[in-house]
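User: I've got a model open and want to talk through a few of its residues. Can you take my questions one at a time?

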Amino acid sequence: MAAYGLYSHIQSNRRRSIALLIGLFFLIYVLVYAGALTAEALSVDADVNTLMQLAWNDLVHAAPWATIGTALWVVIAYYFHQNMIDALTGGREVTRAEEPRLYNILENLCISRGITMPKLKVMESDALNAFATGMSPKQYSITVTTALINRLNDAEIEAVLGHELTHIRNGDVRMMVIAVIIAGVVSFFAELVFRLWFYNGFSFRGGRSDDRRGGGAAIAILIAVGLLAVAYFLSFVIRLALSRSREFLADAGSVELTKNPDAMISALRKIEGRGELPGTTSAVMEMCIDNPRQGFGELFDTHPSVDSRVAALVKFAGGHDPGPLALPPQPSDADDQSDQAPPSGPWGPAVDESSEGKSASPDQSSDSSSGPWGPHTGATSQSGHN
């Protein structure tokens with residue numbers, strides 16, 4: 001993992017991602033079967049085996065429609081997912097004239113490796129974060145927050161952009177978007193079946209009951225609920241696996257692009273714990289360079305901890321860990337201080353020279369005379385010593 005060049009790891013990661021996405025897609029059929037089993041249990045007088053057979057027949061008939069519906073969902077998300085993400089985050093595309101510093105850094109990285117330059121977007125936020133989105137070269141974009149632009153130096157921003165470019169080069173972005181789309185389908189079907197059961201379920205029964213039917217229906221409903229829970233949990237776990245396994249390779253890819261492991265480490269240390277994007281969904285946070293939202297320990301975290309990522313860069317890339325870093329003041333603070341400076345004379349500002357003289361000679365007399373070309377306290381001080 002010393003650099004982006006471990007293509008065997010990247011290829012293995014892609015194959016595993018495709019397999020996981022195929023498994024995630026078939027979870028939809030599990031949900032359809034669970035829904036059919038619930039409907040049969042609430043409407044047919046039969047034992048469990050008969051209800052399961054009827055639900056299987058329903059699945060065979062409903063599978064083409066479920067496939068079409070899912071494919072339509074994917075197509076809509078393919079063309080409009082970026083609009084939805086921008087609506088959530090407030091990201092806007094910027095040009096070189098609007099963000100020359102950021103634009104030039106990204107352009108130089110792309111030119112140096114022959115990478116098609118993605119769209120560059122900026123979102124107004126006090127959080128320090130960045131993420132890449134898109135499912136094709138024409139759609140790829142990188143979004144960064146204004147706080148990240150203001151608080152990171154050029155080398156650190158270059159490392160962050162290199163991280164996101166690596167996600168694009170490795171196909172991580174496309175896989176994550178597809179995973180989020182299909183997981184959304186799973187969530188939709190799960191909620192649909194639960195609503196069917198809780199709100200309309202007993203109307204199918206029409207008040208009819210006997211011991212045999214009630215027992216078979218109850219067991220069938222328990223099986224359906226179990227299938228729903230398993231499908232939803234697996235979709236969630238697969239999304240975590242798709243996101244978490246890629247961050248180490250993206251960090252290494254950034255080092256390969258920039259030749260600067262220390263910049264990647266210092267960027268991670270500054271971003272650490274400061275990346276929460278208020279008002280965004282968990283799906284967006286999973287795409288970010290860092291996701292501070294945590295589960296139980298690290299079991300449900302979508303990203304490895306910053307400590308483990310830094311440790312990998314130190315071990316394999318030869319970087320140096322400075323430990324947790326404090327943020328530098330925002331440029332606006334420095335601008336406010338400069339605005340308070342008194343006006344300068346025709347030969348340039350005399351404030352800096354005066355301040356420098358005071359700091360160098362704190363005991364000098366305050367009534368030292370100065371000529372039109374600035375203070376000559378140095379000559380006075382020398383003559384006094386002589």
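This is a predicted model: local features need pLDDT of at least 70, side-chain atom pairs count only at pLDDT 80 or more; totals for chains, interfaces and linings use all residues.

User: Leaving out residues up to four places away in sequence, which residues does D86 touch?

Analyst: D86 has its place in helix α2. Once residues up to four places away in sequence are set aside, what D86 touches is G91 and K121.

User: Is D86 buried or exposed?

Analyst: The cut-off for buried is under 20% relative accessible area. D86 comes in at 15% relative accessibility, so D86 counts as buried.

User: Which side chain makes a polar contact with the side chain of D86, and at what distance?

Analyst: K121 already turned up among the residues D86 touches. Their side chains make a polar contact, and the distance is 2.5 Å, with the partner being K121.

User: What about H61, buried or exposed?

Analyst: H61 is found in helix α2, which covers residues 48-89. Exposed takes over 50% relative accessible area. H61 has 61% relative accessibility, so H61 counts as exposed.

User: Which backbone oxygen does the H61 side chain reach?

Analyst: The H61 side chain gets to a backbone oxygen at 2.7 Å. The residue that oxygen belongs to is N57.

User: How many residues does the largest nonpolar core have?

Analyst: Those with the most contacts inside this core are L102, F131, I142, V144, V160, L161 and L165. Beyond four places in sequence, L161 is in contact with residues including L102, I142 and V144. A second, separate core includes L24, A46, V185 and A220 and has 33 residues. For the largest nonpolar core, the count is 55 residues.

Definitions and conventions:
Residues are numbered from 1 along each chain as its sequence is written. Side-chain values use heavy atoms; hydrogens and water are left out. Helices (H or I, at least four residues) and strands (E, at least two) are DSSP runs, numbered from the N terminus. Buried means under 20% relative accessible area, exposed over 50%, partly exposed in between (1.4 Å probe, protein chains only). A polar contact is a pair of N or O atoms within 3.5 Å; within protein, one must be able to donate a hydrogen and the other to accept it, and residues adjacent in sequence count only if both atoms are side-chain atoms. Contact means heavy atoms within 4.5 Å. A nonpolar core is a set of buried Ala, Val, Leu, Ile, Met, Phe, Trp, Tyr and Cys residues joined through side-chain atoms within 4.5 Å.
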